[in-house]
Amino acid sequence: MSSQISKHQKEKIIRLLENNDDLPEGYRDLLFPTKKKEYELVYAGKERKEDIISETMAVPFQKVRTFGQNGKVWTNKLIFGDNIQVLKEIYNDQRGRNLLKTKDKIKLIYIDPPFATMQDFMKNGEKVYQDKVIGAEFLEFLRERLIIAREILADDGSIYVHLDYKKGHHVKILMDEIFGENNFRNEVIWYYSTLGRPNDRFAQKHDTIFCYGKSERTYFNEKEARIPYSNEYIKSHFRDNDDKGKICRKRFDAGKWRIYYPDDGMIPNDVWEIPYENSMSKDRLNYPTQKPTALLERIIKSSSREGDIVIDFFAGSGTTLAVAEKLSRKWIGCDCGKLSIYIIQKRILTIANSKSLENKDEKYSKEPKPFTLYNAGLYDYQKMKELPWDEYRNFALNLFEVRDEKHKLSGIELDGFRGNNHVIVFNHEKHKDVVLDYGYISDLHKNIGSQISNQFFIIAPAGNIDFMEDYIEKGKVRYYILRIPYSIINELHKKDFTNLKQPIDEKDVNNTVEAVGFDFIQAPDVECEYSSKKDSFIVKIKTFKSRIRSKKPVKYANRETLSAVMVDWNFDGEVFDLDKVYFAEDIKKDKFEIKIEKGKADEKIMLIYMDIFGNEKKEVKELKDFK
Ligand SMILES: C[S@@+](CC[C@H](N)C(=O)[O-])C[C@H]1O[C@@H](n2cnc3c(N)ncnc32)[C@H](O)[C@@H]1O
């Protein structure tokens, strides 16, 4: 058997054979590789495109809150979650009811994934940034996302993928495979000058940005892309006069004479010299990989129009979103780091104070358009149960990837299909006192058992179910209970569910993270002592325990699952406005004490204690609480 077959593929082949199912067409190449193929990048664990699309779980978006008045047609979106599941949700929505209104509207994707280069950013003598996922794993991580990203991009849209000189060449080959070599448009070299030069080679001072169109119709606004000529260039190149005596340059280009004027500016070439956001700049956020706004300004202006949707699903500090906002584009941002989400929330809400794009000495001065913050994959159960029935039903169907198709079987109303199998969403609102017990399943089987094949799904809140089993077998039919909330049902999914992990150290902020499935928020148990010293208020964490639901509970020591504490030291009673992050590793070094400078704190302090699974406990303290 070929060594190209991954563990996952092996398991899948075995499962299919055991179930007497046919192997999918493409598996022939895997099992019996031919020599006739065009060239492609080969590495262990490379899945088939079709499998990636079909086997990636989608996760519905749960609204956390909208900042500003909700737009009638569109509201910008900031989504906390693993981007692959978020992309799949958008993919499903575009092929379904298009409720998110993104179909044919996403004209630009810019991503700046963690590079997987083991590159170290030195800060305070420490490694601040270190990409962990290496080699083939990183390539497949990115390829999976690019494959689904291509599917949601409008036909005239473009994608820019920001990489560096280490993995860029491999990704270029993957992008040729995914987007087509003929749709390759540019390899942009972003050249910057930062401190630090090696003495054993040339200094590496550039990143690479690959740009692909989805088709030949890719939109490019050459007018917006233009930049002014330098004075020296004008002096040395514009020496002619037109028939009105205006200074110009006449050139015989591509078969005919053309006239160029200095004011028209020029289309930049593919080497861009743009400085990093200065560390003293007001727009510099404390995010290790923040990219300059000027870089995104050029990309967004040349590859989208006002009103188009721009997406960045490795949003980081939200540079793409902030620039899209200033350029009147609609935007969707996604990141799996809570820190990133809070930084972006603050960046957009305070955008009026940031620099104007036109004149760097002036403030932007405009309030942001409304945007909604969503959770995708980690949900608030109470909020969900309180949704009006139709919305709850829709959410439940999405959560378990059920095709919404109401139909009847022996007079019983059903809600849709998972694959070819019938699904019912138990109406807990209508049947407040009904509990799903063995009797309920027996009755169901009596009524419809003879008309269904071998699987039937019931989606219901865990509190309404009276037995522990994931399924009840009646004759040849398995009645599966999809519990809400639930954490782990391996039976139905190809991969084990894994939570999104939050970093415990600043150097891990940019790690690639993968989640499978979804979970429900369980605020950790937190107990602290609050005291006051000469210069600072002290919060000492005495107890920190996560309350994760899982079938096989893992025992964690006290404070072991702490990820970080985020502080807003002048909380306005409305919106959490992140001022400082204390990572668990640093808190541990300080004997679990968090020090808040007295001069910084105003009447109220808001603290968010977060565990490594992304669950938060929020608390507001008044200064008088620190004794
Ligand atoms: C290099 S940073 C992006 C920086 C950004 N361009 C900026 O200007 O601030 C990469 C980001 O990808 C996020 N990330 C990594 N894996 C992810 C995943 N599976 N889903 C969503 N975001 C992810 C990290 O949390 C990090 O914030």
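## Basis and domains

Numbering starts at 1 in each chain and follows the sequence as written. The model is predicted, so local features require pLDDT of at least 70 and side-chain atom pairs pLDDT 80 or more, while totals for chains, interfaces and linings use all residues.

The chain is assigned domain 1 (7-37), domain 2 (61-225 + 267-376), domain 3 (228-266), domain 4 (382-492) and domain 5 (521-625). These bounds come from an automatic or database domain assignment. The centres of domain 1 and domain 3, taken over C-alpha atoms, are 62 Å apart.

Helices and strands here are DSSP runs numbered from the N terminus: helices are H or I with at least four residues, strands are E with at least two. Two strands count as paired if DSSP finds at least two bridges between them.

An open sheet of three strands has the order 9-10-11, with antiparallel pairing. Its edge strands are strand 9 (240-241) and strand 11, each pairing on one side only. Strand 9 is joined to strand 10 by two antiparallel bridges. Here Asn 241 stands opposite Ile 247 of strand 10.

Strand 10 (residues 247-253) runs antiparallel to strand 11, and five bridges join them. Lys 250 has Ile 259 of strand 11 as its bridge partner. Strand 11 (residues 256-260) is hardly covered: of its five residues, the number buried is zero. Buried means that 20 or more other C-beta atoms lie within 10 Å of the residue's own; 12 or fewer means exposed, and values in between mean partly exposed, with C-beta atoms placed from the backbone.

Another open sheet has six strands in the order 17-18-19-20-22-21, with mixed pairing. Strand 17 (403-409) and strand 21 (471-474) are its edge strands, and each pairs on one side only. On average, neighbouring strands of this sheet are turned by 30 degrees against each other, direction ignored. Axes are lines fitted to C-alpha atoms, for helices over the stretch in contact; angles run from 0 to 180 degrees between N-to-C directions.

Strand 19 (residues 421-425) and strand 20 (residues 455-461) are parallel and share three bridges. Val 425 has Ile 459 of strand 20 as its bridge partner. Strand 20 also runs parallel to strand 22, joined by seven bridges. Strand 21 and strand 22 pair antiparallel over four bridges.

Tyr 480 of strand 22 is the bridge partner of Phe 457. Tyr 480 is also the bridge partner of Tyr 471. Strands 21 and 22 form a hairpin with two residues between them, and Gly 475 in the turn has a positive phi of about 55 degrees. Strand 22 is largely enclosed by the rest of the structure, because six of its eight residues are buried.

Helix 14 (residues 438-448) lies across strand 17, strand 18 (412-418), strand 21 and strand 22 (477-484). Helix 14 runs at about 45 degrees to strand 21. Contact means C-beta atoms, placed from the backbone, within 7 Å.

## A covered helix

Helix 9 (residues 293-303) is mostly covered, with eight of its eleven residues buried. Among them are Leu 295, Leu 296, Ile 299 and Ile 300. Arg 298 is buried too.

## Two loop residues with positive phi

Most residues other than glycine have a negative phi. Glu 401 is not a glycine, yet its phi is positive, at about 50 degrees. Glu 401 lies in the loop between helix 13 (389-399) and strand 17. Glu 401 counts as partly exposed because it has 19 C-beta neighbours inside 10 Å.

Lys 591, also not a glycine, has a positive phi of about 55 degrees. Its loop runs between helix 15 (584-589) and strand 28 (593-597). Lys 591 has 8 C-beta neighbours inside 10 Å, so it counts as exposed.

## The ligand shell

The ligand is surrounded by 22 residues. A residue is near a molecule if its C-beta atom, placed from the backbone, lies within 6 Å of it. The closest are Asp 112, Phe 314, Gly 316, Ser 317 and Thr 319.

The shell holds seven nonpolar, ten polar and five charged residues. Nonpolar covers Ala, Val, Leu, Ile, Met, Phe, Trp, Tyr, Cys and Pro; charged covers Asp, Glu, Lys and Arg; the others, Gly among them, are polar.

Technical notes. Contact = placed C-beta atoms within 7 Å.
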